[in-house]
Structures are given as structure tokens and as C-alpha cells.
Amino acid sequence: MPDHTAVWVLDRRPGSLLGDEHVRLEQHRLPPLAEGQVPIRNTYMSVHSSMLGRMLPTPTAQYCGVRGPLNPTSPYTPYDVGAAMTGPAIGTVLASRAEGMSPGDLVRHDLAWRTYAVADATAVEKLPDTGLDPTVHLGPLGLNGLTVYGALKGSEAITNGDTVFISAAAGAVGAIAGQIARLQGAGRVIGSTSTQAKTRLLTDTLGFDTAINYRHGSLADQLEAAAPDGINVYFDNVGGDHLAAALNALTPHGRILLCGMHSQYTQDHIHWPDNFPLVIGKALRLTGVKVFDYATRFPEFTTDMTTWLTTGALTCTTTITHGIDNAYQALQSLSTGRNTGQALVSFLPSTPAPPDGAA
């Protein structure tokens, strides 16, 4: 049993995530194991855009949807300065003083950003053996998957033949959204991303009909060319110029699912597009996407998502960063677009490369 853990601590709130001076990696002593607790060796943690918002001061964090007076204990409240950061992680139980938990169990919990954790068993979820890679529990079978599933399985979210536009489509949420939109009957799925390699991933692997590289020319012009008859649904992960382009392209009575505003997470204020009054002129419907609103659908979601993953109807893409020392770098990479799909940090020992000439 270890007696210390490496852990990332928020040192001060950033105005941007360009530097490393906002966080520090420390060694913390693990507390003695109490009744009802388990010690966990973390194997993977996920990094996601909401963590950027959690580092910001209020009221900016409130604009980013990470704090609300109706749920002050939400795991999406801002991080406390001087305290260890948290987030989704999976790991292996090392010992147990809790009923129903045994050494070797694979579990999911919210004590990421550290190599070891001691947790109350009531705050730990024992994971089933699905036969899939365990990392799916931090991606399509995790909060990101439930977010998309709940939003797109709504009674009026997708109708057969809809043209759907998804921003940040090669990211953790967008990649799942495009595939579920197709499974829900979308007639045409369009994604935006930042590189030619990612556009090929969207069309060749993830089943998108076409993909836009927003760094190559006018986003609005490219979207108009991709959907000359307009779009019916916009799944927004970015806000800003993407939301503006979508507002122009949406048909009357179109739907907007506001899931994230990545372009705003290090800004002092949310900047709404100048053409936002089109929401009124086109009688558009906006729906805020909040994962915890879909908690009651978790059993149905787990069954459907496991089936899709097992049969190959849905593909999971990941970018894995190795080592606790590089965990903050993995979060920074979300701002530069270097990751594809779900961004993960592995705490497993690296496998050495075989020597030259080895089989």
C-alpha cells in the first residue's frame, strides 16, 4: 500500500492556459483507510473542456455552466485555489474496508489528477466487465457519451432526414455526436474541425458525410457549400464564430443544442454573435445540454452504447498522454486542437520498445 500520491493542485486562476504557472504537482500523504473506504490505483483519467471552466473565477465559471445555485455540490463547481483538482478517472481497488468492493475491482470515480486515491465506497462506481477496452468508461460509456445520448435521444432532437452540423466534431463529444445523430436517423451529418487529417477521420472512419476545416477559408461559406439547403440541427461545442455560421445556415424552426462554448472558456465574458436575433426571426429552438439532466436514462444509455460499441456501430477514438507529470500538458492540448477524440492520461507503466531486430 502506498503512503503518498502525486497530485496536481490549482495554484492560481488563469486568464489563459498558455503557461504552466497556474498549477503545481505535489506529493500528498494518503490518509489512513477508514471503514467504508477503498484505496485506488488510478490507471486512466480524462481531460475535457469543462476543466478549463472550472479553473476560472466566478462569474466566468458560471457563464461556462460549471456552477449553479441549485446544485452547489456539483462536480462541475470551480476548483478551489490551493486544493487538489478532480475529474473522472478509472482505477483498480488495492484493498477494501467497504462491503461489495474487493481488491482488483475496476472502478470509476471523480478523484483524477493523482496517481492514488482513498475514496468512500459510496462515491465509487464498480464497473462491469463488458469485454471492451476499459477506457470506454471515460469516453462513450462515460459522461461525454451520456451527454450526447441524452441530447440526441430527445423526442424532437433528430427527425429522419435531418441535416446536422456538429462543431469540434473530432473532439471527445463531437465524434460521438456525429455517430449517434446518424444512428438516430439524420440524413446528412457535417462536422467542423481544424486539420485535414481530422477531416479524413470524420469522413473515412466516423461516418460523417462531409467535414469542414475551419482554418481553411470562411467557415460560413464552407458550411453553405456543404449544406446549400440549410441545416436543421446544430450541435454546438464551440460557440463564437461557429454559432454565428450555424445561425445563418439554420432553416426556420431549426434546433440548436448548446453543449459547450470552448471558444469562450478562457474569456472574461461570453460573446454572443451579432446575428443572434436570428433565433427570433427564424423561430429557432435552443436547448442547453446538461449531462446530469439525463441521469435517469443511464441504464438505457449503458445498454444501447455497449451494443453500439460491441457491434462496431460506433467507434471510439482516443488521444493518450502518458504519465502524471504530463497530465496538465494534456489539458493544455485541448486549447490547441492537438487531440483527437477522447483525451486521456495513462498512469500505467510505459511498455519499453523492443530492441532492434526483435520479433
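Which residues are buried in α3? In this predicted model, they are N144, G145, L146, T147, V148, Y149, G150, A151 and L152. The report starts with the whole chain and then returns to this helix and its surroundings.

## The chain as a whole

The protein chain holds 10 helices and 15 strands. Of its 359 residues, 52% are buried. Among contacts between residues at least 6 apart in sequence, 67% join residues at least 24 apart.

## Helix α3 and what covers it

Helix α3 spans residues 143-152. Most of α3 is covered, with 9 of its 10 residues buried.

## α3 against α4

Helix α4 runs over residues 172-183, and its axis lies 9 Å from that of α3. The two helices pack at an angle of about 40 degrees. An angle between 35 and 65 degrees is neither roughly parallel nor roughly perpendicular, and α3 and α4 are therefore oblique to each other. The crossing of α3 past α4 is right-handed.

On the α3 side, the residues that meet α4 are N144, G145, V148, Y149 and L152. Their partners in α4 are A172, V173, I176, A177, I180 and A181.

## V173, a residue of α4

V173 belongs to helix α4. Its relative accessibility is 16%, and buried means under 20%, so V173 counts as buried. Leaving aside residues up to four places away in sequence, V173 touches N144, V148, F235, N237 and C259. Of these, N144 and V148 are in α3.

V173 can also be placed relative to S49. The two residues are 124 apart in sequence, while their C-alpha atoms are 10.0 Å apart in space.

## α3 against α9

Helix α9 covers residues 298-311. It packs with α3 at an angle of about 105 degrees, and the two axes are 10 Å apart. Angles of 65 to 115 degrees count as roughly perpendicular, so this is how α3 and α9 stand to each other.

From α3, the residues G145, L146 and Y149 take part in this packing. They meet F298, E300, F301, D304, M305 and W308 in α9. G145 and Y149 are also among the α3 residues that meet α4.

## The six-stranded sheet

An open sheet is built from 6 strands in the order β10-β9-β8-β11-β12-β13, and its pairing is parallel. At the edges are β10 and β13 (285-288), each of which pairs on one side only. From one strand to the next, the twist averages 15 degrees.

At the β10 end, β9 and β10 run parallel and are joined by 4 bridges. I190 stands opposite T210 in β10. Helix α5 packs on the sheet here, touching β9 and β10, and its direction makes about 165 degrees with that of β10.

## Helix α5 on the sheet

Helix α5 is made of residues 196-204, and its buried residues are K198, T199, L201 and L202. Viewed down the axis of α5, these buried residues fall within an arc of 155 degrees, so they line one face of the helix. They pack against β9 (188-193) and β10 (210-213).

Terms used. Residues are numbered from 1 along each chain as its sequence is written. This is a predicted model: local features need pLDDT of at least 70, side-chain atom pairs count only at pLDDT 80 or more; totals for chains, interfaces and linings use all residues. Side-chain values use heavy atoms; hydrogens and water are left out. Buried means under 20% relative accessible area, exposed over 50%, partly exposed in between (1.4 Å probe, protein chains only). The arc is that of the directions from the helix axis to the C-beta atoms. Contact means heavy atoms within 4.5 Å. Two strands pair if DSSP finds at least two bridges between them. Axes are lines fitted to C-alpha atoms, for helices over the stretch in contact, and angles run from 0 to 180 degrees between N-to-C directions. Angles under 35 degrees count as roughly parallel, over 145 as roughly antiparallel, 65 to 115 as roughly perpendicular and the rest as oblique. A crossing is left-handed if the near helix is turned anticlockwise from the far one by less than a right angle, and right-handed if clockwise.
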